[in-house]
Each structure stands twice: as C-alpha cells, then as structure tokens.
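Open the model in your viewer and keep the selection panel at hand. This tour says what to select next and what is there.

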Amino acid sequence: MDTNEKFSIVLFSGTVDKLMAAATMTTGAAAMGKDVTIFLTFWGLLAFRKDDWKSNHRFSKDFEDYAGPAMEMMAAKNVPPWMTTLESAMELGNVTIKACSQTMELFNIKASDLEPVVSEISGVATFVEDCEGGTTLFI
Amino acid sequence: MEGITITREIDALGSFCPGPLMELIRSVKLAQVGDVIAVLSGDQGSMKDIPAWVNKAQQEFVGMEPAASATRFIIRKIR
C-alpha cells in the first residue's frame with residue numbers, strides 16, 4: 001500500500017507567474033517525499049500544449065504592471081523556466097501530471113498535442129479520488 | 001568543519017529557491033553511502049529547507065557554517 005502523503009494541485013491558470021508558483025510548490029512537495037498529482041484544466045492545460053511554454057509571456061492581469069520588470073528580473077537572475085523546474089521536480093520525486101478530459105474535448109486538444117510530462121488524461125472524479133486524504137491547492 | 005573530508009562540493013550560489021536544495025538532492029542520489037557533500041547556498045530558504053529535507057530523507061546533517069554572503073551546508077549520505 002502507498003503510505004506517502006499526497007499533495008495535489010488543480011492547475012487552472014496559464015500565466016507564467018502562477019505556473020512558476022505551481023512548479024515551485026511541486027518541487028518542494030516532491031523533495032519532501034509527497035506523491036504529487038497535478039490536474040491541468042482550462043488555461044493550465046493550454047499552457048502544457050507542446051512548446052507553448054517557450055513563447056508564453058502571459059502574466060496575471062491583477063499585476064500586469066509588474067509583468068515586464070518581473071520577467072526582466074527573472075532573466076537577469078537566471079531563474080529557470082517553470083517547465084524546467086517542473087521537469088527537475090519529476091526527476092527527484094513522484095509527480096504525475098494529468099490532463100482534464102473535458103478541457104481536451106472543449107479545445108480539441110489531443111494527447112499528442114501536449115508536452116510529454118503529461119502522462120494521462122483524467123476525469124475530475126478520478127482526480128478527486130486521487131486527492132483524498134491529502135493537501136489540495138487550486139492555482 | 002575540520003577533520004571532515006568532503007567528497008563533493010556544490011556551488012549553488014546564484015541559484016534560487018528551491019535550486020540549491022534540488023542540487024543537493026541530485027548529488028545525494030548519485031553519491032555512495034558514506035560520502036560527504038557540501039553545498040554553498042545564498043538562498044535564505046535553504047537555512048531551513050536543507051536541514052528539513054535531510055531530516056525527512058533520514059540522512060545525516062553534519063553542520064552548517066557561514067561563508068561569504070552565503071551558508072555552507074554539510075551532509076553525509078548514510079543510507
């Protein structure tokens with residue numbers, strides 16, 4: 001039986017600032033031995049279309065005045081792209097990334113359109129089952 | 001930390017949270033049991049994150065010492 005603690009994230013947002021937060025939280029949780037499941041839905045799923053992250057410069061609307069300076073600071077301080085952080089987290093620990101089947105259908109996205117870090121397509125009920133008894137974040 | 005032979009030294013200066021911790025974990029995974037790893041971090045989060053991880057991973061936290069605008073953490077792989 002799996003006795004690790006669970007740490008789950010509903011990743012709804014597709015802006016770089018929030019994707020970074022999600023990737024960093026995932027890393028911390030994976031490092032501390034949690035079983036991490038990320039459920040990608042809506043804009044979060046669109047951000048995982050193949051190579052989208054390379055050209056994604058979207059930033060939270062609430063803080064759009066910070067978008068330019070924040071991006072510049074991250075580049076100057078060599079902060080890795082969020083996708084790289086996420087891939088490192090997957091090397092270190094147990095991280096599973098699932099795509100929401102409803103969003104896939106809605107936006108006509110096929111499994112082959114997604115980054116290889118996404119390992120399965122899941123319905124919300126399965127994800128809720130996955131989360132049970134652990135910590136769940138909505139980002 | 002006198003009298004301790006460091007097997008591997010990691011310079012994680014300029015790497016941001018959780019970068020130094022990630023570099024340490026990667027090294028510990030690749031190391032042999034008995035190896036001693038030192039990591040130099042300027043990230044303030046490391047002060048608590050690195051000891052917390054070492055404790056959770058049940059490795060040995062040998063100690064930490066101040067270095068120029070950074071902290072050097074020393075860890076022994078024991079399992």
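Start with a term for the tour: two residues are in contact if their C-beta atoms, placed from the backbone, lie within 7 Å. Axes are lines fitted to C-alpha atoms, for helices over the stretch in contact, and angles run from 0 to 180 degrees between N-to-C directions. Helices (H or I, at least four residues) and strands (E, at least two) are DSSP runs, numbered from the N terminus.

This is a predicted model: local features need pLDDT of at least 70, side-chain atom pairs count only at pLDDT 80 or more, and totals for chains, interfaces and linings use all residues. Residues are numbered from 1 along each chain as its sequence is written, while chains are lettered from A and ligands numbered from 1 in the order in which they are written.

**Stop 1: the sheet**

Select the strands of chain A. Five of them form an open, parallel sheet in the order 4-3-2-1-5. Strands pair here if DSSP finds at least two bridges between them. Strand 4 (118-122) and strand 5 (135-138) of chain A are the edges; each has a single partner strand, so one side of each lacks a neighbour in the sheet. From one strand to the next, the twist averages 25°.

Zoom in on strand 3 (residues 94-100) of chain A. Four parallel bridges link strand 3 of chain A to strand 4 of chain A. Look for Cys100(A), opposite Ser122(A) in strand 4 of chain A.

**Stop 2: helices across the sheet**

Helix 1 of chain A lies across strands 1 (6-11), 2 (35-40), 3 and 5 of chain A, at about 170° to strand 1 of chain A. Helix 7 of chain A lies across strands 1, 2, 3, 4 and 5 of chain A, at about 145° to strand 1 of chain A.

**Stop 3: a helix pair in chain A**

Show helix 5 (residues 82-92) of chain A. Helix 1 of chain A and helix 5 of chain A pack at about 15°, with axes 9 Å apart. That makes helix 1 of chain A roughly parallel (under 35 degrees) to helix 5 of chain A. Among the residues making the contact are Leu19(A) and Ala23(A) of helix 1 of chain A, and Leu86(A) and Ala89(A) of helix 5 of chain A.

A residue is buried if 20 or more other C-beta atoms lie within 10 Å of its own, exposed if 12 or fewer, and partly exposed in between; C-beta atoms are placed from the backbone. Buried residues of helix 5 of chain A include Trp82(A) and Met83(A). Their cover includes helix 1 (19-30) of chain B.

**Stop 4: where the chains meet**

How many residues of chain A are in contact with chain B? There are 11, and they touch eight residues of chain B. Helix 1 of chain A gives the largest share of the chain A side, four residues.

Now select helix 1 and helix 2 (residues 46-56) of chain B. These pack at about 25°, with axes 9 Å apart. Click Leu21(B): beyond its neighbours within four places in sequence, its contacts are Ala31(A), Ser46(B), Asp49(B), Ile50(B) and Trp53(B).

**Stop 5: backbone details**

Find Pro18(B), in the loop between strand 1 (8-11) and helix 1 of chain B. The peptide bond from Cys17(B) to Pro18(B) is cis, with omega near 5°.

Finish at Asn78(A), in the loop between helix 4 (64-76) and helix 5 of chain A. Asn78(A) is not a glycine, yet has a positive phi of about 55°. Asn78(A) counts as exposed, with 10 C-beta neighbours inside 10 Å.

Technical notes
Parallel < 35°, antiparallel > 145°, perpendicular 65-115°, else oblique.
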